[in-house]
Amino acid sequence: MALNLSHQLGTLAGTPIKSGEMTAPSADSSLSVSPPSAMMPKAMNLNYKAHGMDPNRNVSPPMSPVLRSNRADLSVACKAFAVESTVSGFETMEEQRTYKEGGITGKKENGGVPVFVMMPLDSVTMGNTVNRRKAMKASLQALKSAGVEGIMIDVWWGLVERESPGAYNWGGYSELLEMAKKLGLKVQAVMSFHQCGGNVGDSVTIPLPQWVVEEVDKDPDLAYTDQWGRRNHEYISLGADTLPVLKGRTPVQCYSDFMRAFRDNFKHLLGDTIVEIQVGMGPAGELRYPSYPEQNGTWKFPGIGAFQCYDKYSLSSLKAAAEAYGKPEWGGTGPTDAGHYNNWPEDTQFFKKEDGGWNTEYGEFFLTWYSQMLLDHGERILSSAKSIFENRGVKISVKIAGIHWHYGTRSHAPELTAGYYNTRFRDGYLPIAQMLARHNAIFNFTCIEMRDHEQPQDALCAPEKLVNQVALATLAAEVPLAGENALPRYDDYAHEQILKASALSFDQNSEGENREMCAFTYLRMNPELFQADNWGKFVGFVKKMSEGRDSHRCWEEVEREAEHFVHVTQPLVQEAAVALTH
């Protein structure tokens with residue numbers, strides 16, 4: 001999830017995160033080592049989690065107004081469904097495209113980026129049925145009318161395997177996927193092995209499976225833990241990845257069995273309707289540590305966050321790494337001078353610019369171990385996912401958080417606490433991209449809609465520079481890049497930024513290479529999206545994305561063309577908006 005801006009309005013679900021000093025690297029010398037102390041406070045059993053935020057930002061005024069239809073006589077969804085087939089030229093917005101090697105085949109010569117839309121977090125109920133079935137059908141039909149490629153669905157571990165180990169109830173997912181199939185919508189299925197609830201925008205609470213919660217209650221060290229003993233129950237600590245701590249199975253085995261059961265149950269849809277499997281690897285489904293938990297006010301933007309390696313399993317790994325390195329005294333704990341969740345880098349000894357512990361031998365040792373643990377976690381799960389879905393016609397993707405605050409500092413503290421060893425002097429995203437490349441996986445990145453100047457400048461936020469760095473890392477590793485917006489945005493200003501970023505048109509990549517994002521997923525389907533002004537802008541945005549980076553038509557021209565579709569399908573959109581609010 002990509003967090004961001006000072007005023008947190010809410011994202012609807014599971015994505016997170018996110019400006020700059022940017023001077024040339026200086027040769028810092030005689031940097032002090034900050035050895036950890038051996039003190040470990042008593043553990044407190046506090047649950048928490050982290051996620052998205054939303055700002056009151058200045059946006060440019062809307063460009064051209066969108067025509068509205070007054071055809072109230074077609075307000076019934078079933079009648080509106082028939083409208084779609086009468087729209088002239090509709091087939092141009094519904095080209096049949098397929099995921100292949102990180103891209104889309106069957107596209108027009110000038111390229112284009114297919115748009116997917118995230119479904120509500122509670123699309124499937126705790127009773128394993130489709131939530132608001134009538135609203136869902138009308139909404140999916142409306143999305144199809146807008147020319148979107150497909151939808152993204154969270155497949156919650158806590159719903160499907162809730163009752164007992166190995167007992168899977170695919171209930172509402174079967175019905176929801178069949179709806180998508182009938183409408184010709186592609187599906188990105190997210191294997192969501194994390195808890196939902198506790199974050200800004202989390203409209204529903206979906207805990208981990210009950211039997212998993214029971215095991216964590218018996219062994220609290222299965223939860224991520226900070227140096228003050230706070231426990232985070234959103235995702236099982238990666239320190240326990242290979243230990244049979246969940247009713248005789250390892251966490252990775254549980255994830256693998258879940259994915260295998262999904263494959264076997266929906267094999268008839270793989271490669272046709274289901275075109276991508278996004279594998280959840282941490283809080284908010286992202287490959288990261290839960291370093292910035294918002295629940296209970298533990299963390300607030302733009303705090304630096306805190307390291308999450310104090311469960312006994314992670315500390316055991318740290319101890320072994322320190323002994324192997326020849327510095328056993330470094331293995332008892334993580335840095336004790338790295339401040340608190342809401343500190344800024346210069347408030348701490350470890351992250352400060354001059355003589356900070358992050359830029360010492362000890363800092364390099366600890367950060368290398370901490371980030372490698374995360375990479376190893378991704379490697380284990382991806383190895384399994386690749387073998388399970390091999391030759392099934394689907395792509396595998398992994399979501400990486402867009403942590404853009406304090407990006408302009410030397411230490412990049414928030415990225416470090418999240419497990420991304422990215423500093424002024426080191427590229428932390430290339431190793432991630434290379435790991436994904438080994439498994440032919442897609443690098444999915446957030447905060448694509450953000451601009452540097454929109455963010456608090458005192459926190460040196462730089463989402464555009466961060467997206468640029470990630471794009472170059474994926475280019476170097478030859479990994480497909482996909483994107484998401486971190487926060488709900490309906491304005492042309494955000495749409496234009498997404499268009500710019502998805503074209504991957506950076507100065508450093510101006511060698512004539514025709515490279516675009518392989519897909520973009522829009523957060524999220526909700527009543528606000530179907531409001532007349534927002535819907536009109538969205539339809540124009542989808543059409544512009546489909547035309548690709550080499551299209552020279554102006555935004556106003558595309559929007560006028562989109563007005564036709566908005567006008568004819570207005571009853572359907574009204575139906576979806578009304579249904580979603582009830």
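Mentor: Two rings of Phe, Tyr or Trp, the last taken by its six-membered ring, count as a pair if their centres lie within 6.5 Å. On that basis, the whole of this predicted model holds 42 aromatic pairs. One of them joins Trp-330 and Tyr-362 edge-to-face, with 5.2 Å from centre to centre and 70 degrees between the planes. Trp-330 sits in the loop between α7 (312-325) and α8, while Tyr-362 belongs to helix α8, so this pair links parts of the chain 32 residues apart. Both Trp-330 and Tyr-362 are buried.

A second pair, Phe-366 with Tyr-370, is stacked because the ring centres are 5.5 Å apart and the planes meet at 20 degrees, where under 30 degrees is required. Phe-366 and Tyr-370 are both in α8, 4 residues apart, or about one turn of the helix. Residues three or four places apart on an α-helix point the same way, because there are 3.6 residues a turn. Phe-366 counts as buried at 0% relative accessibility, and Tyr-370 does at 1%.

These four residues belong to one aromatic cluster, whose members also include Tyr-224, Phe-307, Phe-350 and Trp-369.

As for the helix itself, α8 has 29 residues and should span 42 Å at 1.5 Å a residue; its end C-alpha atoms are 41 Å apart, which agrees. Just after α8, Asn-391 has a positive phi of about 60 degrees. The largest nonpolar core has 160 residues, and α8 (residues 361-389) gives the most to it, with 14.

How values were computed:
Residues are numbered from 1 along each chain as its sequence is written. This is a predicted model: local features need pLDDT of at least 70, side-chain atom pairs count only at pLDDT 80 or more; totals for chains, interfaces and linings use all residues. Side-chain values use heavy atoms; hydrogens and water are left out. A nonpolar core is a set of buried Ala, Val, Leu, Ile, Met, Phe, Trp, Tyr and Cys residues joined through side-chain atoms within 4.5 Å. Buried means under 20% relative accessible area, exposed over 50%, partly exposed in between (1.4 Å probe, protein chains only). Helices (H or I, at least four residues) and strands (E, at least two) are DSSP runs, numbered from the N terminus. The expected span of a helix is 1.5 Å times one less than its number of residues. Rings of Phe, Tyr and Trp (its six-membered ring) pair if their centres lie within 6.5 Å; planes under 30 degrees apart count as stacked, over 60 as edge-to-face and the rest as tilted.
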